[in-house]
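Thanks for making time this morning. I would like to walk you slowly through one structure, starting with a single chain and ending with how its copies are arranged.

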Number of protein chains: 2
Amino acid sequence: MVQATARIPVSTLQQFVTDLFLRLGLTEEEAAITADVLLAADIRGLDSHGLARIPMYVNRIRSGLVNLRPNFRVIAETPATIAFDADNGMGHPAAYRAMRRCIEKAKEIGLCMATVRQSNHFGIAGYYATMALEEPGLCGVAMTNATPLVVPTNAREPYLSTAPIAVAIPAGKERPFVLDMATSTVAWGKIEIAQREEKPIPAGWALDRNGEVTTDPFAAVALTPLGAFPELRSHKGYGLALFIEVLCGQLAGAAWAKYVAGSRGEPRPSNTGHAFLAWRIDAFRPLDDFLAHMDEMLHELRTAQPVVGAERVLVPGDPEFEAEADRRANGIPVHPKVLQELRVIATELAMPAPF
Amino acid sequence: MVQATARIPVSTLQQFVTDLFLRLGLTEEEAAITADVLLAADIRGLDSHGLARIPMYVNRIRSGLVNLRPNFRVIAETPATIAFDADNGMGHPAAYRAMRRCIEKAKEIGLCMATVRQSNHFGIAGYYATMALEEPGLCGVAMTNATPLVVPTNAREPYLSTAPIAVAIPAGKERPFVLDMATSTVAWGKIEIAQREEKPIPAGWALDRNGEVTTDPFAAVALTPLGAFPELRSHKGYGLALFIEVLCGQLAGAAWAKYVAGSRGEPRPSNTGHAFLAWRIDAFRPLDDFLAHMDEMLHELRTAQPVVGAERVLVPGDPEFEAEADRRANGIPVHPKVLQELRVIATELAMPAPF
C-alpha cells in the first residue's frame with residue numbers, strides 16, 4: 001500500500017524538531033537554530049538535507065560523538081577576518097554564529113572572511129549565505145567540506161567531499177540570485193533515490209569501486225566532480241572542489257575531506273570545516289546602481305527565449321523560492337518513510353509526534 | 001607543406017612583444033606589463049591566450065577602441081576593499097595594478113577584494129592569482145567577465161561569458177595549487193582547433209544557433225556551461241558563471257557579459273570588469289601549519305592510484321608548471337600561423353621580427 005505524502009505545517013514541524021533536539025540535550029538556543037536550519041531545507045524543497053537527515057544527527061549525538069556543551073570560541077581575529085573553533089559542537093549553531101559575526105564585521109569594515117574548525121555537518125550551505133540578504137546591501141557566501149565522496153579526475157577513490165558552495169546576492173525588484181550547489185555532478189541523495197526506485201542512473205553521475213563509470217545505483221560508491229567526464233572537463237569540478245576544500249580544511253585548520261567523519265557512520269568526531277564571506281556592496285559602488293544593474297540582468301535571463309523542449313530559463317534560487325511559497329502556504333510534504341523514522345525517534349524520546 | 005613549429009627563447013619573444021606594444025603607443029611600463037602577461041600564457045602552455053591573441057589586441061588599439069593614456073584611478077576604498085576605474089586602458093596593466101594593490105592591502109589588513117570597471121581583455125586570470133604566490137603566506141583569486149559566449153541552461157542564446165576564475169594557494173614542499181579555468185565546459189579556442197583540423201567536437205562542448213547540441217565545429221556558435229547537459233547539471237556551471245559575472249559586472253560597475261565588447265570585433269569600448277581577492281593565511285592559522293597541511297593533501301592526491309587507462313592524478317596547475325619548466329629551458333613552440341601573423345604586424349610597424 002502506498003501511503004499518501006502528508007502536508008504538515010511548518011510551525012508544527014519546527015516545534016517538533018526543536019523539542020526533539022532539546023530532549024537530546026542541546027541548549028534551547030542551539031536546538032532552535034538547528035531546527036530552523038533543518039526546516040529551511042524542507043521549506044526550500046531541498047528535502048534530502050532537512051528532516052530526512054535527522055536520524056543521522058540523532059545517531060551521532062546518542063553515540064556521544066557531538067559535544068552538546070561546546071566552547072565555541074574565536075581562535076584568531078583581524079579587522080576583516082575571524083577564525084572559530086566549534087569544539088565539536090553541532091554544525092548548525094556553529095555555522096550560524098560564524099556567519100552572524102562575519103556579517104557584523106563586513107557591515108563594520110566592508111568585507112569579512114570567517115572560518116570554523118572542529119565542527120559538524122551544518123545542513124544546507126544556502127541557509128548561511130542567505131542570512132546576508134536579511135541586511136540591506138550585503139552579499140554572502142558559505143562553504144563547507146564533508147566526508148569523502150568525490151573522486152578526483154583520473155583517480156580511483158574518493159578524496160574530496162561534494163564541497164558545496166552557496167552564494168546570495170540581492171536584487172532590487174527581481175528575486176535575489178541564490179546559488180546553493182554541491183561541486184559534484186549530483187549529491188549522494190540522487191543515488192539513494194535511484195536505489196529506492198531501482199532505476200539506472202545516467203552515465204556520469206557515479207563511479208563504482210574501481211573508479212569506473214556505472215549506471216547501476218547499487219554499484220555506485222562514489223561521485224564525479226562537476227563536468228562528469230574528463231572529456232567534459234571534470235578536472236574543473238575537481239579544481240573547484242579542491243579550492244573549497246582548502247578554505248574549509250587547510251585554512252580553517254579542520255580535517256581535509258579524506259579525513260572528515262560524520263554522515264557515513266564513522267565512530268569518531270567529525271572535524272568538519274566551514275568558510276564564509278560577506279561584503280557590503282556600497283564599498284564598491286552605490287547600492288541603488290548595483291540593484292538596478294542586477295534587476296536588468298536577472299530580468300533578461302528570466303525572460304530569455306528557451307530552447308525547444310524547455311519551459312523557461314531560471315535564475316539559481318528560483319525553484320527554491322517557488323517551493324518556499326508553496327510550502328509556507330500549504331505545509332511541507334514529508335515522505336512517509338521520513339515521517340515514520342521521526343515517529344520512532346519521538347517514541348524513543350517519550351515525546352509526542354503531532355503527525 | 002607543413003612548416004615545423006619553431007622554438008623561440010622567452011627573452012626574444014618578451015623583447016619583441018614589448019617593442020610591438022611600445023610602437024603601438026603604450027607607455028614603457030604598460031607595454032612591459034602587457035608583454036609579461038601575454039608571454040606567461042605561452043610559457044605555461046596556455047597557447048590560446050598569449051601570442052595568438054596579439055592580432056586581436058592590435059586591431060582594437062589601431063581602431064582607437066582602447067585608451068592608450070588612461071587615467072587608472074580609485075573610485076571607492078575601504079580598509080579591506082578597493083574599486084578601480086581603468087578608463088578603457090589595456091586590461092593587463094589595469095588588472096596587474098589592481099591585484100598589486102589588492103595584495104598590499106591584504107598584507108596590511110588580512111583580506112582584500114578589488115574590482116575594476118571600464119577595462120579590457122586581460123589575458124590569463126592565472127597570471128594575477130599567482131602574483132599572490134610571490135609573497136610569503138598569501139593566497140590569490142582573479143576573475144573577469146568577457147564577451148557573451150555561454151548559454152544559460154535552457155536558453156537558446158549566449159548571455160554570459162566563459163567567466164574564468166583563477167586561484168593560487170601556496171604549499172610547503174609540494175608545488176602550489178593553481179587553478180586557472182573558464183567556467184564553460186571548454187574555451188572557444190578548442191572549437192577553433194577543431195575547425196582548423198576539420199574534426200567533430202564531443203557532444204556537450206558547443207551549441208548551434210538554435211541552442212541545440214552540435215558536434216560540428218562549424219555549426220557551433222556558443223558554449224555550454226560546465227556540466228554540459230542539464231542531466232549532468234549544467235545549471236551549476238551556469239550558476240558559477242553568474243556568480244563571477246556579478247562580481248566583475250554588477251559589483252565592479254562594468255558591463256555585464258551580454259553587453260561586454262572586445263574579442264569578437266565589436267566596434268565599441270569593451271567595459272570588461274575584473275574582480276580580485278587576496279588574503280593572509282596567518283590571519284586564520286599559523287602559516288607553517290597550513291603549509292604542512294597543504295603538503296599532506298597535495299602529496300596524497302599526486303600519489304593517488306589512477307583509474308585504469310589514466311597515467312596519474314594531477315593537481316590543478318601541474319601541467320602548467322611542467323610546460324613552464326620545458327619552455328623556459330627550451331623556448332616556446334610558436335605555431336607557424338601565429339608567427340606569420342606576428343611577422344605581418346612587425347612589417348606594418350616597421351620593426352624587426354627576430355624569428
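Chain A of this predicted model contains ten helices and twelve strands. Along its principal axes, the C-alpha trace of chain A spans about 55 × 50 × 45 Å. Of the 355 residues in this chain, 57% count as buried. If we take the contacts in chain A with a separation of 6 or more, 63% of them are between residues 24 or more positions apart.

Let me turn to one helix in the other chain. Helix 4 of chain B, residues 91-109, has 19 residues, which at 1.5 Å a residue should span 27 Å, and its end C-alpha atoms are 26 Å apart, which agrees. After helix 4 of chain B comes Gly110(B), where phi is positive, near 115 degrees.

Now, how are the copies related? In general, two copies of a chain are related by a rotation about an axis and a shift along it. Here, chain A is superposed on chain B by a rotation of 180 degrees with 0.0 Å of shift along the axis, at an RMSD of 0.0 Å, and that is the relation of a two-fold axis. Which residue of chain A comes closest to the rotation axis? That is Gly227(A), whose C-alpha is at 2.2 Å. Finally, 99% of the interface residues of chain A are also interface residues in chain B, so the copies meet through the same surface.

Conventions: Residues numbered from 1 in each chain as written. Chains lettered and ligands numbered in written order. Predicted model: local features only at pLDDT ≥ 70, side-chain atom pairs only at ≥ 80, totals over all residues. Helix = DSSP H or I, 4+ residues; strand = E, 2+ residues; numbered from the N terminus. Buried ≥ 20, exposed ≤ 12 C-beta atoms within 10 Å, placed from the backbone. Contact = placed C-beta atoms within 7 Å. Expected span 1.5 Å × (residues − 1). Least-squares fit on C-alpha atoms with pLDDT ≥ 70 in both.
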